[in-house]
Amino acid sequence: MSLYPLFADLRGRPALVVGGGEVAQRKIVRLLGAGAAVTVVSPHLHPSLVELVRAGKVAHQEAEFRPELLDGQWLAIAATANHGVNRAVALAAQARRILVNVVDDAQLSSFHVPAVIDRAPVQIAISTAGAAPMLARVLRERIEALLDQSVGALARLLDRYRLRIRERHPDVAARRRFYSQAITGPVAALLRRARPADAEAELQGALVLGQSEQPGSVALVGAGPGDPGLLTLHALRALNEADVILHDRLVDARILDLARRDAQFIDVGKRAGAHATNQDRIHELLLAYARSGKRVVRLKGGDPFVFGRGGEEIEFLREQAIAYEVVPGITAATACAAYAGIPLTHRDHAQSVRFVTAHCRDSLDALDWPALAADRQTLAVYMGIGEVETVSDRLIAHGRDRATPFALIENGSRPEQRIVTGVLAELVERARRYAVTSPAMLIIGDVAALAERLHWFGAAPLGSGADSSMPVDGEFATAQSCA
Ligand code: SAH
């Protein structure tokens, strides 16, 4: 079946809905959204419809369906649970040449209601011609994810300037170029940054200047800890618009797969100890690509502002007058905690949480150990796997209980995630025994013990309850310790 797509102007036009249940209610709300004059036919009404009738938004025929009710209608929707009634509505409407939709019945329908992505005034409608409504729903979710809410504002702004743009660029090709710049460049970016006045000024400026070189920009984007499902919608959009992606080594390959296919990918990853690309070089690359008009994504593991040097990068961009935006990511501490079943704060165990880095000797010396050793708080230690000995020694030396629980989460949120649990006094031994490697998050505090009971993702924790002289299989270990 091949359908003719159309968007109907129903403002003030009569439309009939037969049926008074929840399905009818959903159809009616959409019709009202388009300004239709809706009459609902049904002996009984769902409470939410009663409200609409009381408020005078919908007319009600408190009766069974009769064909004459269709007279004068532009379209009809049959949404009763009774196949016979729905069929009668369809046949009567077709006899009168009124477009009719029968809910969940493609054969009886002369029009279909699509799945819609609504960014008014922009609407995207999806139809599978009744073949697979579930597919339409899934496609809708994907497209929803790609279009943020500023799309509607962009359409309204361009609408207001349509005549001026046409006057300024009478030539179609030039006009198209102008629109393309406005839609993919700084005007749209400013709307996303919730700066409508600046967006309009930018558009006006572009109209005065004419076809200038489109300035480049940098989006500092947090890629989260690994699981692509933890990307934000903004991150996904930025990856889809990028010309160049400068990414850290920690960024998962499955996330890079989501980016625009023809983008240029540059690994500027740093390994602990071996700086593949130093920070100055990253600054140089950001500047060079942005100056050449590219949309650059600087993609970082976790959140760009948590131990990610994101601050330095945007300070540099500001000095160089390069436009930037920042898209936060889910930082390793919250992700690892969630994926290990460890609430970072808990009314009974921890009233605060600290994110600290134990990157190297200097950063360790700079930490406020007496404060870190206080109880009733959770420590989330980044980059600590090389320094577990120093961390546990100093915490214990400053008074933290040797029996304080810890959890080490290696490759948090990834299929290969491992959790090693125990108490502070045995941290070094257990990290060694299970050969925990980077990236790993060290969580210290009473809440860490909850992983034993609350874990839900990947392999079960290698907990103290499973101790034996040999490393044991994770699943088996918990089955025992939970018993
Ligand atoms: N900006 C990042 C942190 C960068 S520092 C963020 O917000 O998450 C790098 C450290 O983060 C690693 O040494 C490790 O301690 C932690 N980390 C990052 N991803 C991780 C993951 N998937 N699992 C466990 N720890 C992770």
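Which of the 18 residues around the ligand come nearest? D303, V306, T331, G412 and A440 do. This is a predicted model, where local features need pLDDT of at least 70, side-chain atom pairs count only at pLDDT 80 or more, and totals for chains, interfaces and linings use all residues. Residues are numbered from 1 along each chain as its sequence is written, and side-chain values use heavy atoms, with hydrogens and water left out.

View 1. T331 places a polar side-chain atom 2.6 Å from a ligand oxygen atom. A polar backbone atom of M383 is 2.8 Å from an oxygen atom of the ligand. For G301, a polar backbone atom lies 3.0 Å from a ligand nitrogen atom. On its own the ligand has 540 Å² of accessible area (Shrake-Rupley method, 1.4 Å probe). The protein covers 93% of that area. Two or more residues of the shell come from each of α14 (332–340) and β17 (440–444).

**View 2. The sheet with β8 to β12.** Helices (H or I, at least four residues) and strands (E, at least two) are DSSP runs, numbered from the N terminus. Two strands pair if DSSP finds at least two bridges between them. This open sheet has 5 strands in the order β10-β9-β11-β8-β12, with parallel pairing. β10 (264–267) and β12 (323–327) stand at the edges with a single partner strand each, so one side of each lacks a neighbour in the sheet. β9 (244–247) pairs with β10 over 4 bridges. There, V244 has Q264 as its bridge partner.

**View 3. Helix α12 across the sheet.** Helix α12 (279–291) lies across β8, β9, β10 and β11, at about 155 degrees to β11. Contact means heavy atoms within 4.5 Å. Axes are lines fitted to C-alpha atoms, for helices over the stretch in contact, and angles run from 0 to 180 degrees between N-to-C directions.

**View 4. The sheet with β1 to β5.** The order in this open sheet of 5 strands is β3-β2-β1-β4-β5, and the pairing is parallel. At the edges, β3 (59–61) and β5 (99–102) each pair on one side only. β1 (14–18) and β4 (75–78) are joined by 4 bridges, and L16 stands opposite A76. Helix α3 (83–95) lies across β1, β4 and β5.

Terms used:
Near = heavy atom within 4 Å. Polar contact = N/O pair within 3.5 Å; in protein donor to acceptor, adjacent residues only side chain to side chain.
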